[in-house]
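Work through the exercises below with the sequence and the structure open. Each task is followed by a solution in steps.

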Amino acid sequence: MDFSLLGPVTVTTGPATAPVELPLGPAKRRSVLAMLLLRPNSTVSVEQLVSGLWEDEPPAHARTVIQGHVSRLRAALAEGGAEACGVELTTHASAYLLRLPASLVDTVRFDDLVARADPESAPADAVPMLRQALGLWRGPALTGTVASPPFAAAAHALEERRLTAVEALARAHGALGEYEKAAGVLHPAALGNPLREGLIADLMLVLYRTGRQSDAIAWFHRTREMLADDLGVDPGERLTAAYQEILRAVPATEPPPDPRVPRDPRDPRGGEAPAAPAAPAPTAASGAPAPGPAPELLPRPPAGFLGRDAELAELTRLALPAAGQDHPYGGAPAGLPAEGGITLVTGPAGVGKTGLAVRWGHAHAAAFPDGRLFADLRGFSGGEEAEPAAVLREFLLAMGTPADQIPPSEQAAGALYRSLVAQRRLLVVLDNASSSAQVRPLLPGGPHCATLVTSRSRLDGLIATDAARPVRLHALGPEDGAALIGALLGPDRVAEDPAAAEELVTLCDGLPLALRAASAQLVARPRWRLARLATALRDERRRLALLSAEDAGVAAALRNSVARLSADDAQLLRALGAGFAREVNTAEAAALSGADPDLIQDSLERLAEMHLLDEEATNRYVMSDLVKLFAQGDGGRGAGPSGEGDGPA
């Protein structure tokens, strides 16, 4: 006989090869059994059972109901051969006792296996024991019981024990040098527990040790943003320490530690990590690679990236002016930037600015042998913007500067940063910038560096004072948009209805973010044809909701843009959204909003600067369908420069 709580609450009997599940009846009866099993061989009072079975006021006959459930449980257990297994359900005054060999309960076996496993001292033995323990889980603990606080608390406690075992298994794999296996253990747990900082820190370190530095860094930024958005806090010490360990660029190819050698507990890997040497001041000749670690902070290349050949070639022309023409997108792999230039990639929310910059950076990695730096400046991410001083610290750590040698002031840290990169061939990507002032302290200034800045704002100040050269990113055309859908769904689904694919591109305004969200809807519904989703998207009341995929929806991205507007500009956006026409001039906008035309002109310019409107001709402003739908709803209510929101740049 076997009692299971680690998943659906069940009792099975018979041989292990052909177990038979006993009929336990309704949720309350299973809940009575579960509460007795959570305290095996201990009495459980009727009062405890009543409080567990009824979240609200229990009925007057609650005791009678419990007596009936206990009686039926006795009968079911007896039918399953309880006596032969040493199982007995007895009554003790106003309490009940389930007497049984504790090893029949899966929670007891789980705890015993985890307690005997020693991932630090005996990792080779710990791995099979921990895998056996985790193999006892068949789903969320206590499934099938009533939804009440006592059972929720018990299920949470069991889940915590499971996650502790997951982390121990990952440590055991890590102690054996099996970092890929450790990552495979931690990754699904991290997806289900995105705010568990210790688990995320462990995942970051094993990803780094498998050579996936950019993935590890992406996990840090994802978790930091979620902590800020959900809890309003910064990353804790353990998560920050893991991030800094990666930025210090400790060689990822070091041999696995010997599990027989005692290790310093301060080392996240299990042994004391060697301190990264300070990056010496570069003394190489102009254009020669500088000594010191070559940081690789670029996120992984975007999946399903298609088209944009003209924009990629323009980035090459501007960022690598000395490059040849024999490389994809117009540049030679060994192309050397002739002058330290700034290229500014701008466009509306969801148009793919970050993807373009990252794709270009990976395609031209060979042109920057001294490293590739990347920072999300969080200008339109809904939380607090990244402070230049914090970004400079990350960059200096990545280039090998010991933490205790980084100056505390922004000015001094900036001076050290510029001196370190003066003769380096380095790519700096400053993503999601809110303003020119946020960008300027982070510009490298070296003659052989290239800087890519992405923003929803035009950043006219950066063009005026720093000679930044703009690349405007527009929506995808019908052909490229349909190709993106095909890359995400498979070409067959597009080929069976190309007209519907083209309509989807139109309904999504050609925005890659919207097309990806629409494709996610179709991936989740494999039986849907493209035409069915197109029909649903024609309903303007549902379109923005359908173009959402967790935290990556169009509405969330637009909300972050609108959150930076002043109250007057947000009011004008709502007025334009409520108007019938998609295209207006200054006089028409003033009539719609009831404001002074002179003031309206400035507001229209600011909306165009944020790419919420397009000025297609002099004094002719056009609003896209998705922005118009967003402005018509509550999303058009701006919160000012410090407003909250969600979504990528």
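**Exercise 1. Glu311 and its surroundings**

Task: Leaving aside neighbours within four places in sequence, find which residues Glu311 is in contact with.

Solution. The model is a predicted one. Step two is to set aside the neighbours within four places in sequence; Glu311 is then in contact with Leu356 and Leu473. Step three is the accessibility. The relative value for Glu311 is 17%, and buried means under 20%, so Glu311 counts as buried. Step four is the charge. Glu311 forms a salt bridge with Arg308, and the closest N and O atoms are 3.5 Å apart. Arg308 counts as buried too, at 8% relative accessibility.

**Exercise 2. Salt bridges between separate parts of the chain**

Task: Determine which elements hold Glu588 and Arg620, and how many residues apart the two parts are in sequence.

Solution. Begin with the general idea. Side chains of opposite charge can pair when their charged atoms come close. In this structure there are 25 salt bridges. One of them joins the side chains of Glu588 and Arg620, at 3.7 Å from N to O. Glu588 is in helix α25 (residues 586-593) and Arg620 is in strand β14 (residues 620-622), so the pair ties together parts that are 32 residues apart in sequence. Now check the accessibility of each partner. Glu588 counts as partly exposed at 35%, and Arg620 counts as partly exposed at 25%.

Solution. Take the bridge between Arg196 and Glu160: the closest N and O atoms are 3.0 Å apart. Arg196 lies in the loop between α7 (179-192) and α8 (197-209), while Glu160 lies in helix α6 (residues 149-175), so this pair ties together parts that are 36 residues apart in sequence. For the accessibility, Arg196 is buried with a relative accessible area of 18%, whereas Glu160 counts as partly exposed at 29%.

**Exercise 3. Aromatic pairs**

Task: Decide whether the rings of Phe220 and Tyr243 are stacked or tilted, and do likewise for the rings of Trp360 and Phe368.

Solution. A pair of aromatic rings is described by the distance of the centres and the angle of the planes. To count as a pair, the centres must lie within 6.5 Å. By this rule there are four aromatic pairs. For Phe220 and Tyr243, the ring centres are 3.8 Å apart and the planes are at 5°, so the pair is stacked. The pair links distant parts of the chain, with Phe220 in helix α9 (residues 213-231) and Tyr243 in helix α10 (residues 237-247), 23 residues apart. Phe220 is buried at a relative accessible area of 5%, and Tyr243 counts as buried at 3%.

For Trp360 and Phe368, the centres are 6.1 Å apart and the planes are at 55°, so the pair is tilted. Trp360 is buried, with a relative accessible area of 0%. Phe368 is likewise buried, at 0%.

**Exercise 4. Charges over rings**

Task: Find which ring the charged end of Arg525 sits over, and which ring the charged end of Arg564 sits over.

Solution. The charged end of Arg525 sits over the ring of Trp528, at 5.1 Å from the ring centre. For Arg564 the ring is that of Phe380, with the charged end 5.4 Å from the ring centre.

**Exercise 5. The surface and the whole chain**

Task: Name the residues that form a nonpolar patch with Leu231 on the surface.

Solution. The patch is formed by Leu195, Leu231 and Val233, and together they have about 230 Å² of accessible area. Leu231 is part of helix α9 and is exposed, with a relative accessible area of 51%.

Task: Describe the chain by how many helices and strands there are, and by what share of its residues is buried.

Solution. There are 27 helices and 14 strands in the chain. Of its 649 residues, 51% are buried. The chain exposes about 28000 Å², and carbon and sulfur atoms supply 54% of that area. Among contacts with a separation of 6 or more, 70% are between residues 24 or more positions apart.

Notes:
Residues numbered from 1 in each chain as written. Predicted model: local features only at pLDDT ≥ 70, side-chain atom pairs only at ≥ 80, totals over all residues. Heavy atoms only, no water. Phe/Tyr/Trp six-rings, centres within 6.5 Å; stacked < 30°, edge-to-face > 60°. Helix = DSSP H or I, 4+ residues; strand = E, 2+ residues; numbered from the N terminus. Buried < 20%, exposed > 50% of the residue type's maximum accessible area, 1.4 Å probe, protein only. Lys NZ or Arg CZ within 6 Å of the ring centre and 35° of its normal. Patch = residues over 30% accessible without salt bridge, like charges linked within 9 Å, V, L, I, M, F, W, Y side chains within 5 Å. Areas by Shrake-Rupley, 256 points an atom, 1.4 Å probe, with all protein chains shown as cover. Salt bridge = Lys/Arg side-chain N within 4 Å of Asp/Glu carboxyl O. Contact = heavy atoms within 4.5 Å.
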